[in-house]
Amino acid sequence: MFRPGRLLLLAGLIGALCVAFLIGAWRGPGPATAPVQIRIEQGATLTSAARTLRKAGAIRSGTLFARLAPILGGGKPIQAGEYEIPAHASPAEILARLQSGKTIQHLITIPEGMPSILVHERLMAEPLLTGTIAVPEEGSVLPDSYAFGNGEARAAVLARMQAAMTAALDDAWAKRTPAAVVSSKRDALILASIGEKETGIASERRTVAAVYSNRLRTGMRLQADPTTIYPITKGKPLGRRIRRSELEAVNGYNTYSMAGLPRGPIANPSRAAIEAVLDPAESQALYFVADGKGGHVFARTLAEHQANVERYYALRRQRGEM
C-alpha cells in the first residue's frame, strides 16, 4: 500500500544524507599532497577561482566549490593575490584563506647604508615587481626588510620605504637631546649617512657621532673619506685608494676641502644611525682610526691620534698588508 508519509520520510532521510555528504566534503581534507601556490587575479569570480584551484590540484571539483562557497562560506568576497594552500586543506579552509587576503609576502631587503643608486638597482632587479621607478632621493629610504606581493608596483614598494624613513626621522627628531649638534632633520640625515658609512658596529655609533658633532661644533673639517668617494661613485665602492686630487676636489661633498656638512646625504642611514647623531655619546674625541680588528680607536688630541695611526700601520705591515 502506498504511504506518502514513508515516502516523505525516505526523501527527508536521503536529503539529510546528501547535506551531510556535502558538508563533509566541504570540511574534509583536500586532494593536495603538498603545499600549492595559486594566484587569484583582480576581479576574479568564485567560478574562475574554483577553476584555478582545481587546475592546481587543491580541490576535487571546481563546480562543487563554486556552488557551496556562497552557501557555506559566509558570503565574504575573495581577495586578489598570491596564496599558498597547505597540503590537504579543505575547501572551507581554502575559501577562508582567499577571503582573508593573507597573501604570500615576498621580502626585499635594503641594508643599512645602501646608497640610493643601489636601492634602485635592487628594486628594478626584483622580477616579481612591476613598473619602473627613478633613482630615489638619497637618504629618503629607511633600510629594512619590506614585504610585497607578486605583481606589486615598484613605485608602491618604494613609497612604503620612504614613508618608513619619514616616520623614523620624525620619531628620532622628537627625542633628540641637547647634545645633538644638527639643527634640522635634513642635517640629521646627512650626518647619520656619514656615520653609517664609517661604522657598522652598534657600540661605536654614538661615539662616531660624537666625533663628528665635536668637529662641527668647533669648526673643524669632518675629513670623512666616504664624502670624498660619493661624488665619484654615487655611493658604490671605490675599489681603490683615494687619490690626492680627489681629496683636494671641491664639489659640495668633499669634507676634506670644505668645512661643515656636505650638501646632502651620501647613503640611506638606518634608524640607529639617525638616533646616534641626535643623541651622541659624551665624548671629547675628535679623531678615530681603524684598530685592525674590525672596530676603531678614538682620540681626543692629534698626538694621541697619530700614535694610534702608527700602531694601525705597524699592524698592517706585520700582516703584510702594506
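Predicted model: local features only at pLDDT ≥ 70, side-chain atom pairs only at ≥ 80, totals over all residues.
**Entry 1: the largest pocket**

Residues are numbered from 1 along each chain as its sequence is written, and side-chain values use heavy atoms, with hydrogens and water left out.

I also looked up what a pocket is. On a 1 Å grid over the protein atoms alone, a pocket is an open set of points with protein on both sides within 12 Å along at least five of seven lines, a cavity is a set where a 1.4 Å probe fits but cannot get out, and lining residues have an atom within 4 Å of a point. Grid points are joined across faces, edges and corners, and the volume is the space filled by probe spheres set on the points.

How much space lies in the largest pocket? I noted about 1200 Å³. Of its 37 lining residues, Glu-198, Gln-223, Asp-225, Ile-242 and Tyr-256 are the closest to the centre. The elements giving two or more residues to this lining are α7 (185-198), α8 (205-218), α9, β5 (287-290) and α12 (302-318). The largest share, 6 residues, comes from α12. Helices (H or I, at least four residues) and strands (E, at least two) are DSSP runs, numbered from the N terminus.

**Entry 2: the second largest pocket**

Next I turned to the second largest pocket, with a volume of about 170 Å³. Its lining includes Ala-25, Trp-26, Pro-31, Arg-60 and Phe-65. Which element gives the most to this lining? It is α3, with 3 residues. Both α1 and α3 (62-72) supply at least two residues each. By class I wrote down 9 nonpolar, 2 polar and 1 charged.

**Entry 3: the cavity**

I found 1 cavity of 30 Å³ or more in the structure. About 70 Å³ of space lies in the largest cavity. Among the residues lining it are Leu-191, Glu-196, Arg-205, Tyr-212 and Val-277. Helix α8 gives the most, with 4 residues, and α7, α8 and α11 (271-278) each supply at least two. This lining divides into 7 nonpolar, 2 polar and 2 charged residues.

**Entry 4: salt bridges**

I counted 11 salt bridges, each one a side-chain nitrogen of Lys or Arg within 4 Å of a carboxyl oxygen of Asp or Glu.

The side chains of Glu-121 and Lys-236 meet in one of them, at 2.9 Å from N to O. Glu-121 is in helix α5 (residues 116-125) and Lys-236 in the loop between α9 and α10, so this pair ties together parts 115 residues apart in sequence. Glu-121 is partly exposed at 38%, and Lys-236 is partly exposed at 29%.

Asp-279 forms a salt bridge with Arg-206, their closest N and O atoms being 3.6 Å apart. This pair links distant parts of the chain, 73 residues apart: Asp-279 in the loop between α11 and β5, and Arg-206 in helix α8.

I also noted Arg-160 and Glu-152, whose side chains meet at 2.5 Å, N to O.

**Entry 5: backbone angles**

Most residues other than glycine have a negative phi. I looked at two residues with this in mind. His-88 is not a glycine, yet has a positive phi of about 60°; His-88 sits in the loop between β2 (81-85) and α4 (91-100). Lys-234 likewise has a positive phi of about 60° without being a glycine, and lies in the loop between α9 (225-233) and α10 (244-247). His-88 counts as partly exposed at 42% relative accessibility, and so does Lys-234 at 43%.

Key
Buried < 20%, exposed > 50% of the residue type's maximum accessible area, 1.4 Å probe, protein only. Nonpolar A, V, L, I, M, F, W, Y, C, P; charged D, E, K, R; others polar.
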